[in-house]
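Subject: Structure handover

Hello,

Here is the structure I promised to pass on. Please open it beside this message, and then read the notes below.

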Amino acid sequence: MATNEVIKVLKERGFFSQCTDEAGLMEKLKSPTRFYAGFDPTGPSLHCGHLVPVFAMAHMQKAGHLPVVLVGGGTARIGDPSGKTEMRQMLTIDQIKSNVEEFKKQLSNFIDFEQGGAMIVDNADWLAPLNYIEFLRDIGRHFSVNRMLTFEAYKKRMETGLSFIEFNYQLLQSYDFLELNRKHDCALQIGGDDQWGNIVSGMELIRRVERKESYGLTFNLVARSDGKKMGKTEKGAVFLNKEMTSVYDLFQYWRNVDDADVGKFLKLFTFLPIEECDRLGALEGAEINAAKEILAYEFTKIIHGKEEADRAREAAKAAFTAGGSADKSGMPSKEYTFDQLSEGINIVDLFTETELCSSKSESRRLVTQNGAAVNDEKINDPNTVINSSYITEDKDIILKAGKKRFFRIIVI
RNA sequence: GGGGAGGUUCCCGAGCGGUCAAAGGGGGCAGACUGUAAAUCUGUUACUUCGGUUUCGAAGGUUCGAAUCCUUCUCUCCCCA
């Protein structure tokens, strides 16, 4: 594959949104090119919503280009106003540091840092020591407030209020691009569509200061067809860290995407061949469930490895297929001693203890509304006591909340 | 610095002395229908040892009784300088 064919791949897979100079970039990408995308470590883990640029980077690397992952240890201390309606809360420096470490670890699932050329950098390294006066004089002079105010990102914030510190975010991101261009000859910045303004202004800065051409490429902001943000559930983001989102839950998140999104997501969030993604996405009726399972499996495999993905898939099968002998070990679980169960535990307490419900009121409500089941039998009396008589042949008890949430009690 | 408007339960947003754990909508959860889909309909949505207990920016105060009145503080937005 020619190294510039990646553009075609990105287009076909649904990444490509805008490019500052497509013909020029095609030419540039004929030879291995260093490019970067930035991630602000404002949380303790990456989540599914971060992943479009990450997958794009992986495709780029496969095509022979040299990825630079920029972790915004410096910019995280400010907050990007684009697309946000509220100012970001400030993080402590220690928090940011530990977030940066976690990001590095997670990104190495996608990007091979062993290979020459790929690298990860932290912009705190050059932003933190900046001198205000010098920065204003050398960098700030190239920015026009009038022009900045024409950017969509700022226009929106003019309504709700924009602090000066956030207004400066664009300068810092532009400076990042300049810095990477100078130090590593990085000629391309990629990112979500909301980054367009920031990317363009970085290019302009490079042109003014270095008299060099650089490129920008943005990706579609992926929304689910129900309009919700990608990778978010009502309970919060779906994280890649398995302490925060269990492997099983991650699997289930993708297993439950909307029909209309399956083909699109396969292309964006797996590395399966395009034709395969299209074929799977076109399945109709109940058949599309097979495609969803593949999506969930492939995705989980990338993040947590084959073994964990297998377990999650088996656990889901065990939960949703009646009477199966599938392996239940991937299901969320907790151990109870035989003695504890002999004494008996009230069903409301049990559902709360297992975190299927977050409070007893909620648990009671669930039971009363006929949403709770033990070993597939509905129980709607909140006074029911679960004791050893419920233990199955497999030495476990399967709790079910609603139709989709399962929990396994393992008897020891 | 001066003047004005405002901070209500997950979100938006009513309430402006008791009938308020607080209308309505959104979202969520559950039930029916299904394909572990969507759409739709129904119920539900602070916590609880089910006696009660904490909620309406924060702290005080008035009152038998406050989200609602008063004082101070705090934050946000708008106008003037």
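What covers the buried residues of α11 includes α7 (145-148), α10 (169-184), β5 (188-192) and β6 (215-219). Please keep in mind that this is a predicted model.

**Helix α11**

The buried residues of α11 are G197, N198, I199, V200, S201, G202, M203, E204, L205 and I206. Just after α11 comes R211, with a positive phi of about 55°.

**Strand β6**

Strand β6 is one of the elements that cover α11. Is β6 itself buried or exposed? Five of its five residues are buried, so β6 is largely enclosed by the rest of the structure. Side chains in a regular strand alternate between the two faces of the sheet. In β6, Y215, L217 and F219 point one way. G216 and T218 point the other way. All of these are buried.

Which strands pair with β6? Strand β1 (residues 16-19) pairs with β6 in the antiparallel sense, over three bridges. Within that pairing, Q18 has T218 as its bridge partner. Strand β5 runs parallel to β6, and five bridges join the two. Here L188 stands opposite Y215.

**The five-stranded sheet**

Now go to the later part of the chain. Five strands form an open sheet there, in the order β9-β15-β14-β11-β12, with mixed pairing. The edge strands are β9 (333-336) and β12, and each pairs on one side only.

Look at β14 (residues 396-401) next. Six of its six residues are buried, so β14 is largely enclosed by the rest of the structure. Both of its faces are covered. D396, I398 and K400 are buried on one side. I397, L399 and A401 are buried on the other.

Strand β14 pairs antiparallel with β15 (residues 405-411), through six bridges. I397 has I409 as its bridge partner in β15. The two strands form a hairpin with three residues between them. In that turn, G402 has a positive phi of about 65°.

Strand β11 (residues 372-374) also pairs antiparallel with β14, over three bridges. V374 stands opposite L399. Strand β11 is joined to β12 as well, by two bridges, and these strands run antiparallel. There, A373 has K378 as its bridge partner.

**Two loop residues**

N375 sits in the loop between β11 and β12 (377-378). N375 has a positive phi of about 50°, although it is not a glycine. Its relative accessibility is 26%, so N375 counts as partly exposed.

K395 is in the loop between β13 (385-386) and β14. Its phi is near 60°, a positive value in a residue other than glycine. Is K395 buried or exposed? At 53% relative accessibility, K395 counts as exposed.

**A nonpolar surface patch**

Which residues form the nonpolar patch on the surface? They are Y132, I133, L136 and F164, with about 460 Å² of accessible area together. Helix α6 (residues 132-138) gives the most to the patch, with three residues. I133 lies in α6. At 57% relative accessibility, I133 counts as exposed.

K267 belongs to helix α13 (residues 262-269). Its relative accessible area is 17%, so K267 is buried. What does K267 touch, leaving aside residues up to four places away in sequence? The contacts are E12, R13, F15, I274, C277 and D278.

A318 lies in helix α16 (residues 306-320). A318 is also buried, because its relative accessible area is 17%. A318 and A2 are 316 residues apart in sequence. In space they are 45 Å apart, C-alpha to C-alpha.

Best wishes

Methods: Residues are numbered from 1 along each chain as its sequence is written. Chains are lettered from A and ligands numbered from 1 in the order in which they are written. This is a predicted model: local features need pLDDT of at least 70, side-chain atom pairs count only at pLDDT 80 or more; totals for chains, interfaces and linings use all residues. Side-chain values use heavy atoms; hydrogens and water are left out. Buried means under 20% relative accessible area, exposed over 50%, partly exposed in between (1.4 Å probe, protein chains only). Helices (H or I, at least four residues) and strands (E, at least two) are DSSP runs, numbered from the N terminus. Contact means heavy atoms within 4.5 Å. Two strands pair if DSSP finds at least two bridges between them. Patches are made of residues with over 30% relative accessible area and no salt bridge: like charges are joined within 9 Å, nonpolar side chains (Val, Leu, Ile, Met, Phe, Trp, Tyr) within 5 Å. Accessible areas come from the Shrake-Rupley method with a 1.4 Å probe; for residues, only the protein chains shown count as cover. A salt bridge is a side-chain nitrogen of Lys or Arg within 4 Å of a carboxyl oxygen of Asp or Glu.
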